[in-house]
Every structure is written in structure tokens, then in C-alpha cells.
Amino acid sequence: MQIRALMYFDELVRTSSMRQAAENLNVAPTAISRQIENLEYHFGAPLVERSARGVKLTAAGELLAARAGRTLRELDHVGQLIDDLKGMQRGRVSIYANGATVANLLAPALAEFSLKYSKLRFEVTITSARQAIEAVSGAEADIAVTLFAPPISGTKVRLRSQIAYDLIVAPTHPAASLKQVHLKDIADYALALPDQAFGFRQAFDALFEKAGLSFEPVFVTSSLEMLKELVLSGAAVTLLPALTVRREIEAGQLFAVPLAPRSVIRTHVDLCVAPDRQLSFAATKLLDFIERFMRERAAAAKE
């Protein structure tokens, strides 16, 4: 069985069309068909059903499709490791991250790192925390940087940096002048909060329940950008780690008011890799750099 046959099959699975797969790979449709037939001969079972509406995977095809993509990614990864052995020290790194970690953590870290290693290339995918973790587990990503990540097996947390939440308000909001704020005060404000899929929201709800308090947020959203815009407009206040809005705070557009000691809510930023996967030179160097960068940021926040 040839790698080319797997590549053609993987593209066919992705497009569900012989014609489209052929165009994407810049080959004739007959070449795709021939390689699929080779795979069917090798496995002794039909992999696709052809019709005027396209192709549909058989049960055997579904089984192969579930593994072919990962196999090809792992072979590409081995190629990078072999390049490293030859001293080429260049390659690509795939990073998955959720949006809350990007502007004030991942982006500046990547910018600084790329100046030191100009031959390296980076593919950054912004997604949910869960999808970022699953991408590492499924060999789609080398590294995941997540905030609010749920616990998922199949990954190793290289570094967990704990961070506290602040009340984020516009400069004109009455709370902007406070040195700290209590839960009972927060309940009286127009709140914009993440939805209950977020670990922070679950911790926030539990803290209010324990204190015997109730609240009803005016806005509920899964978008960090939406939360920021609502606060910037003065329509609401929110609770976020200050690092996620550092740029706006430094520009004087937002204020971060610490929560009183008994009201403190904490979460963590995770730097994750697959436990059983050897990283390339490029990914290893970047992982070490991001870890050091996160430790320095955490130390600066405590000063």
C-alpha cells in the first residue's frame, strides 16, 4: 500500500467528490479512482460507493477514514523529525488556542519567538478550548494554549498558570473608583457573562449559590469580543482575567477592579501537548519559549 493512495483517499473523504479531489490534488479523476481501487484490493473490501450524487463511504471506508488522516499527519511529523536529525532546524508548528489567550499571551509570544527563529513557520487555529485540546489529542496540533479548558484525557499539561478574575468596567462606571468589590455588589450591576459551558461561569454560579446570592445577567455570550464591546460601551460589566483585556486597560479604555478576598474566582491557562508524541525541533523550541513567557507573565502579575 502506497502513501499516495492514502493521500488520495483522505482528500476524497474530505471533499466527497472524485472530481473535486482530483482538482485539489491537480491530477486526473481516473488517478483518484485507480488509487482507491488499489486500497480496496489491499484491504479486500469496498471503501466507497459511487453514484451520480458523489461518493459515499462504506463501513470499511468509514473505518479507514477515521485513521487515515492521523496516519498522514504522523508521517508528516516524522519527516520533520528526520529534517531535525539532518540539522535543517526548520519546519512548521501547529498551534490551537481559544480566543481568550490570543491577543495578550499567544500573539506577543509568537511575535517575539519568530524574530529569533525566522526560518520556522506557524499555523495558528483559533477555536474553543475543548476543540484545541482534542486537536492535540488527535495529532492535528503540536501545542494547545487554552483558558477555561475542560479536563480531557489524551493530553499532558506542560504548564498550568493560575490567574484571578477581576471586575472589568468602563472608566465611567461607579465601580471604577473602588479598590475592591464584593459579590453582593456585583449582583446589583448589569452583568455580561460567558455561557454555562465555560468553567469560569460554573465557578461563578457556585460561588454565588454558596453565598446565598442570586443574579440575572443582562447578556450571556460565548464571545470574549462581545463581552469586551458591551463593557466598552458602558452597557454592562463583566468578570475576566485582567490579562485578557490588558491592551484596553493600558489604553485607559477599561478598568480592572479586584474582587474582595472572600469573593476571589480563579482559573488557569494551560499549555498542553500530547503525552506520547515526540515534538519536532521547531515545536520543542516554541513550547519551551511559551512556557518561559507564561511564567514571566505570571510573575509580573504578582508584583
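Predicted model: local features only at pLDDT ≥ 70, side-chain atom pairs only at ≥ 80, totals over all residues.
**Entry 1: α1 against α3**

On the α1 side I found R4, A5, L6, Y8, F9 and L12, and they meet A31, I32, Q35, I36 and L39 of α3. Sorted by class, this contact of α1 with α3 holds nine nonpolar residues, one polar and one charged.

Next I looked up the geometry. Two packed helices are described by the angle between their axes and the distance between the axes. α1 covers residues 3-15 and α3 covers residues 29-43; I read an angle of about 110° and axes 9 Å apart. I therefore noted α1 as roughly perpendicular to α3, since angles of 65 to 115 degrees count as such. For the hand of the crossing of α1 and α3, I wrote down left-handed.

**Entry 2: α1 against α2**

I then turned to α2, which runs over residues 18-25. What is the angle at which the axes of α1 and α2 cross? I read roughly 125°, and the axes come within 8 Å. That makes α1 oblique to α2. The crossing of α1 past α2 is right-handed, whereas that of α1 and α3 is left-handed.

I listed the residues in this contact too. Y8, E11, L12, R14 and T15 come from α1, and they meet M18, Q20, A21, N24 and L25 from α2. By class I have five nonpolar, three polar and two charged residues for α1 with α2. Y8 and L12 of α1 are in my list for α2, and they are also in my list for α3.

**Entry 3: T244**

Where is T244 found? I placed T244 in the loop that lies between β9 (238-241) and α10 (246-250). Is T244 buried or exposed? I noted a relative accessible area of 2% for T244, so this residue is buried, the cut-off being under 20%.

One of its polar atoms lies 2.7 Å from the backbone oxygen of P241. That distance is within 3.5 Å, the limit for a polar contact.

**Entry 4: the whole chain**

Last, I looked up totals. I have 11 helices and 11 strands in the protein chain. The chain has 303 residues, and buried ones make up 44% of them; T244 is one of the buried residues. For contacts with a separation of 6 or more, I noted that 70% are between residues 24 or more positions apart.

Methods. Residues numbered from 1 in each chain as written. Heavy atoms only, no water. Helix = DSSP H or I, 4+ residues; strand = E, 2+ residues; numbered from the N terminus. Buried < 20%, exposed > 50% of the residue type's maximum accessible area, 1.4 Å probe, protein only. Polar contact = N/O pair within 3.5 Å; in protein donor to acceptor, adjacent residues only side chain to side chain. Axes fitted to C-alpha atoms, helices over the stretch in contact; angles between N-to-C directions. Parallel < 35°, antiparallel > 145°, perpendicular 65-115°, else oblique. Left-handed = near helix turned anticlockwise from the far one by under 90°. Contact = heavy atoms within 4.5 Å. Nonpolar A, V, L, I, M, F, W, Y, C, P; charged D, E, K, R; others polar.
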